[in-house]
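User: Could you walk me through this structure, a few questions at a time?

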Amino acid sequence: MRIYLDNCRYNRIMDDQSNSQIYYEWNSVMLILELAEMASVELVSSEMLIKEMNDLNDTYKKSVIQMMYELCSEEVRVTKAILDRAEEIRHCSSIKYKDRIHLACAEAAKADALLTADKSL
């Protein structure tokens, strides 16, 4: 199974787990990362994820997320075709710009699942 986690899923690891929803999401992400480490699932990444990671100001958080990204077996390049697909998505939805690119990248990677916390997706 090929899984694309958007940036908020990677960042969930660093969130306060006192909220039950965050706790369950944290556990889900940890399970997926463990499965990726065992090669039971395949994580796919993208240039968009790398850009968002590089935009982080918190160096500790950035280093933890970089370690998780190392579990990804493939990185999708953001090509003109992906940007065109993101534009098509814009015309039929209210999905935000970065999320449209994540969706287009997940499609291009032929991911079986795109995991996000964004309710608009």
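Predicted model: local features only at pLDDT ≥ 70, side-chain atom pairs only at ≥ 80, totals over all residues.

User: Which residues in α6 are buried?
Analyst: Let's start with the helix itself: α6 runs over residues 97-108. With the under 20% cut-off in hand, we can pick out its buried residues. They are Asp 99, Arg 100, Ile 101, His 102, Ala 104, Cys 105 and Ala 106.

User: How far does α6 reach from its first C-alpha to its last?
Analyst: The helix has 12 residues, and at 1.5 Å a residue you'd expect 16 Å. The model comes close to that, with a reach of 17 Å.

User: Is α3 oblique or roughly parallel to α6?
Analyst: These two helices pack with their axes 9 Å apart, at an angle of about 140°. Roughly antiparallel would need an angle over 145 degrees, and roughly parallel one under 35. Because of its angle, α3 counts as oblique.

User: Which residues of α6 make the contact with α3?
Analyst: On the α3 side, the contact uses Met 48, Leu 49 and Glu 52. Sorted by type, the residues of the whole contact come out as 3 nonpolar, 1 polar and 2 charged. The α6 side is made by Lys 98, Ile 101 and His 102.

User: Is Ser 46 buried or exposed?
Analyst: Ser 46 sits in strand β2. Setting aside neighbours within four places in sequence, it touches Tyr 4, Glu 75, Val 76, His 102 and Cys 105. Its relative accessibility is 0%, so Ser 46 counts as buried.

User: What does Ala 111 count as, going by its relative accessibility?
Analyst: You'll find Ala 111 in the loop between α6 and β4. Not counting residues up to four places away in sequence, it touches Arg 2, Tyr 4, Val 44 and Ala 106. Its relative accessibility is 23%, so Ala 111 counts as partly exposed.

User: Which element supplies the largest share of the largest nonpolar core?
Analyst: That core has 29 residues, and Tyr 10, Leu 33, Leu 43 and Met 68 touch the most other members. Several elements each supply at least two residues, including β1, β2, α3 and α6. The largest share is 5 residues, and it comes from α2.

Methods:
Residues numbered from 1 in each chain as written. Heavy atoms only, no water. Helix = DSSP H or I, 4+ residues; strand = E, 2+ residues; numbered from the N terminus. Buried < 20%, exposed > 50% of the residue type's maximum accessible area, 1.4 Å probe, protein only. Contact = heavy atoms within 4.5 Å. Core = buried A, V, L, I, M, F, W, Y, C linked by side-chain atoms within 4.5 Å. Axes fitted to C-alpha atoms, helices over the stretch in contact; angles between N-to-C directions. Parallel < 35°, antiparallel > 145°, perpendicular 65-115°, else oblique. Nonpolar A, V, L, I, M, F, W, Y, C, P; charged D, E, K, R; others polar. Expected span 1.5 Å × (residues − 1).
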